[in-house]
Amino acid sequence: MKVLEVVELTKRFGELVAVDGLTFHVDKGDIFGLLGPNGAGKTTTLRMIYGVLRPTRGTVRVMGVDVVRDPVKARSYMGVLPEESSVYPRLTAEENLIYFGKLKGMDEAELRRRVKELLEALDLEEKRYVIADKLSKGQKRKLAFARAVLNKPPLLILDEPTSGVDVMSAREIRSLIRQYAQEGSTIIFSSHNMWEVERLCKTVAIINRGKLQHLGSVEELKRLSESKEFEEVFVKLVKGEVGEAV
Ligand SMILES: Nc1ncnc2c1ncn2[C@@H]1O[C@H](COP(=O)(O)OP(=O)(O)OP(=O)(O)O)[C@@H](O)[C@H]1O
Ligand SMILES: [Mg+2]
C-alpha cells in the first residue's frame, strides 16, 4: 500500500526551481531516505508533503488523501519534525508533549505512558519540569522528535532527525524509527549522515538541484556505483560519475 505518493512535485521560488518534477512513492512500513547536498530541495520537498508549502505543480497524497485539497485530513495521518523545529518555549518539556497529545485527541492514560516512555528514552526525564526555552539546542530537538512520534502516526516526516543530537540519543532515535516501522508506521526522513542512512533505509532517493537523480535500495546504489562504502556511493552518484540518472 502506498502511504505516500508524490507525483511531478515542483516548487518555484521566483526564478529558482527548488524542487523539479519529483515522482516517487513510499510503501507502508518502509523507511525512505531523502538525500542530497545542501540546497538540493529536501526541506522544500518535505514541507510540501506536510502541507505548509503549496506546490507550484504536482500532487502529494498521504493515505490516498490530497494534501492541498484536504489538508486537515492529510495532516491527521502525519507526525512531523521540521528542519527548524519549534517547541512552545513557555511550556515545560512534559507540558509540551501533554498539550500536543491532547490536541491529537490521545487517550489520557496512553498519553501519560507515552510521555514518560519518550522522556526516558531520549534522556529528557531530568528536564521534565523545565520550560522548553531553557533547554539546550539538542534537547529541544529531541523534544520536537518526541512530539512528532507521540501518537505513532501512520506517516512520520523527519527533517534531519539526528542532527545536533548526541551519540546516545541519536542511537535511540534510530532505534525508535526502526521500531515504529516494524509496527507499521512509514517513515520519510532527510539526512546528511550516510552511515545512518545505510543502516536505516529500505529505499533511498538522491536529489540534486531539485531533481531526482537516483532512486533505489542501498544495495542497488552500491552496485550501480561499484562502491562498498555508502558515503563514497553518494559522492559518486551526486557528482554524476556513474550510472544513468532516473
Ligand atoms: N522560502 C524560500 N524562498 C526562496 N528560496 C528558498 C526558500 N526556501 C528554500 N529556498 C531555496 O530552495 C533551495 C532548496 O532549499 P532546501 O531548504 O529545500 O534545501 P535542503 O536540501 O533542505 O538543504 P539543506 O541540506 O541545507 O537542509 C535552496 O536553493 C534555497 O535557497
Ligand atoms: Mg534542509
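Val-242 lies in the segment that follows helix 9 (230–238), where helices (H or I, at least four residues) and strands (E, at least two) are DSSP runs numbered from the N terminus. The structure is a predicted model, in which local features need pLDDT of at least 70, side-chain atom pairs count only at pLDDT 80 or more, and totals for chains, interfaces and linings use all residues. Residues are numbered from 1 along each chain as its sequence is written, and chains are lettered from A and ligands numbered from 1 in the order in which they are written.

Leaving aside neighbours within four places in sequence, Val-242 is in contact (C-beta atoms, placed from the backbone, within 7 Å) with Leu-224, Ser-225, Glu-226, Lys-236 and Leu-237. Val-242 counts as partly exposed because it has 14 C-beta neighbours inside 10 Å; a residue is buried if 20 or more other C-beta atoms lie within 10 Å of its own, exposed if 12 or fewer, and partly exposed in between, with C-beta atoms placed from the backbone.

The shell around ligand 1 comprises Phe-13, Leu-16, Ala-18, Gly-36, Asn-38, Gly-39, Ala-40, Gly-41, Lys-42, Thr-43, Thr-44 and Glu-83, a residue being near the ligand if its C-beta atom, placed from the backbone, lies within 6 Å of it. Strand 2 (16–27) and helix 1 (42–49) each supply at least two residues of this shell, and helix 1 gives the most, with three. By class, the shell has four nonpolar, six polar and two charged residues. In this classification Ala, Val, Leu, Ile, Met, Phe, Trp, Tyr, Cys and Pro count as nonpolar, Asp, Glu, Lys and Arg as charged, and the others, Gly among them, as polar.

Pairing of strands (at least two bridges found between them by DSSP) was examined next. Strand 1 (residues 2–13) and strand 4 (residues 57–62) pair in the antiparallel sense over five bridges, with Leu-4 standing opposite Val-62 of strand 4. Strand 4 also pairs with strand 5 (residues 65–66), antiparallel and over two bridges, and here Val-62 stands opposite Val-65. Strands 4 and 5 form a hairpin with two residues between them, and Met-63 in the turn has a positive phi of about 50 degrees.

Strand 3 (residues 31–35) pairs with strand 9 in the parallel sense over four bridges, and Ala-205 is the bridge partner of Leu-34. Strand 9 and strand 10 run antiparallel and are joined by five bridges; Asn-208 stands opposite Lys-211. These two strands form a hairpin with two residues between them. Arg-209 has a positive phi of about 50 degrees although it is not a glycine, and counts as partly exposed because it has 15 C-beta neighbours inside 10 Å. Most residues other than glycine have a negative phi. Another non-glycine residue with a positive phi is Lys-152, with a value near 45 degrees. Lys-152 lies in the loop between helix 5 and strand 7 (155–159) and, with 16 C-beta neighbours inside 10 Å, counts as partly exposed.

In helix 3 (residues 93–103), Ala-93, Glu-94, Asn-96, Leu-97, Phe-100 and Gly-101 are buried. These residues lie on the same side of helix 3 because they cover an arc of only 160 degrees around the axis, the arc being that of the directions from the helix axis to the C-beta atoms. The buried residues pack against helix 4 (108–121) and helix 5 (137–149), whereas the face turned away from the buried side carries the exposed residues Lys-102 and Leu-103. Helix 3 is followed by Gly-105, whose phi is positive, near 75 degrees.

The largest nonpolar core has 67 residues, of which Ile-49, Ile-157 and Ile-187 touch the most other members. Helix 5 gives the most to this core, with six residues. A nonpolar core is a set of buried Ala, Val, Leu, Ile, Met, Phe, Trp, Tyr and Cys residues joined through C-beta atoms within 7 Å. Not counting residues up to four places away in sequence, Ile-157 touches Leu-46, Ile-49, Tyr-50, Met-78, Val-80 and Ile-188.

Terms used
Two residues are in contact if their C-beta atoms, placed from the backbone, lie within 7 Å.
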